[in-house]
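Hi everyone, thanks for making time.

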Amino acid sequence: MEFNFSQILSTTMVLFAIIDILGAIPIVIELRKKAGHIQSEKATIVAAVLMIIFLFAGETLLKVIGLDVASFAIAGSMVIFFIAMEMVLGLTIFKEGDAPETVSIVPLAFPLIAGAGTMTTLLSLKTEYATQNIIVGIIINMIFVYFVLKNTERLEKLFGKSGLNVLRKAFGIILLAIAIKLFRNNTGL
């Protein structure tokens, strides 16, 4: 088992862009207002566990339903593409349901942090990077997610609405490039 700094950095950046916790600060603040309190530790741990389980069991699940990882990666690249378009153009393609009374697990840990885009990205990353490097990338991101969840109000004041908007658009462009790369690598184009 060999750790590769370049793979860890790439994985961390890809997951950081797809999770988009900075872009989700307004949503987190709204959920906190509705619920009164968010359990940051619980949300972070549940999201990390979901991602690691899917990293290991996702491929088996796909085989059970008759799909290969390359097909899932191509589909995932399309999902990532649309998420990126939402971020860059300010569109709303994916709709979220109403928040339940307890928001730490649903919708915060799943699907906001560890949602379909994240799960798709994990399987896509598995086609290119070593599993241990992906796990390190997940852990680094979960530490950052925890920090953001604990400090959402301070970060909102620090960045301001326009600063958060700029970050969201910048990571949207990174996601567009990632989506195109995943599509090309798994289609042979």
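Let me begin with a definition: a residue is buried when its relative accessible area is under 20%, exposed when that area is over 50%, and partly exposed in between, using a 1.4 Å probe and protein chains only. By that rule Ile-113 is buried, because its relative accessible area is 0%.

Some housekeeping before we go on. This is a predicted model, where local features need pLDDT of at least 70 and side-chain atom pairs count only at pLDDT 80 or more, while totals for chains, interfaces and linings use all residues. Residues are numbered from 1 along each chain as its sequence is written, and side-chain values use heavy atoms, with hydrogens and water left out.

Back to Ile-113, which sits in helix H5, residues 104-113. Helices here are DSSP runs of H or I with at least four residues, strands are E runs of at least two, and numbering starts from the N terminus.

What does Ile-113 contact, once neighbours within four places in sequence are set aside? With contact meaning heavy atoms within 4.5 Å, the partners include Ile-19, Ile-21, Ala-47, Met-51 and Met-142. Val-145 and Leu-149 are also among them. As for Gly-23, 90 residues away along the chain, its C-alpha atom is 11 Å from that of Ile-113.

My second residue is Gln-132, in helix H7, which covers residues 131-150. Is Gln-132 buried or exposed? Gln-132 counts as buried, because its relative accessibility is 17%. Its side chain reaches the backbone oxygen of Glu-2 at 2.6 Å. Not counting residues up to four places away in sequence, Gln-132 touches Met-1, Glu-2 and Phe-3.

Now let's zoom out. The protein chain has 8 helices and 0 strands. Buried residues account for 44% of its 189 residues. Take the contacts between residues at least 6 apart in sequence: 87% of them join residues at least 24 apart.

On overall dimensions, the C-alpha trace spans about 45 × 35 × 30 Å along its principal axes. The radius of gyration, taken over C-alpha atoms, is compared with a globule rule of 2.2 Å times the number of residues to the power 0.38. The chain's 16 Å agrees with that rule, because a compact globule of 189 residues would have a value near 16 Å.

That's my tour, so over to you for questions!

Note on methods. Polar contact = N/O pair within 3.5 Å; in protein donor to acceptor, adjacent residues only side chain to side chain.
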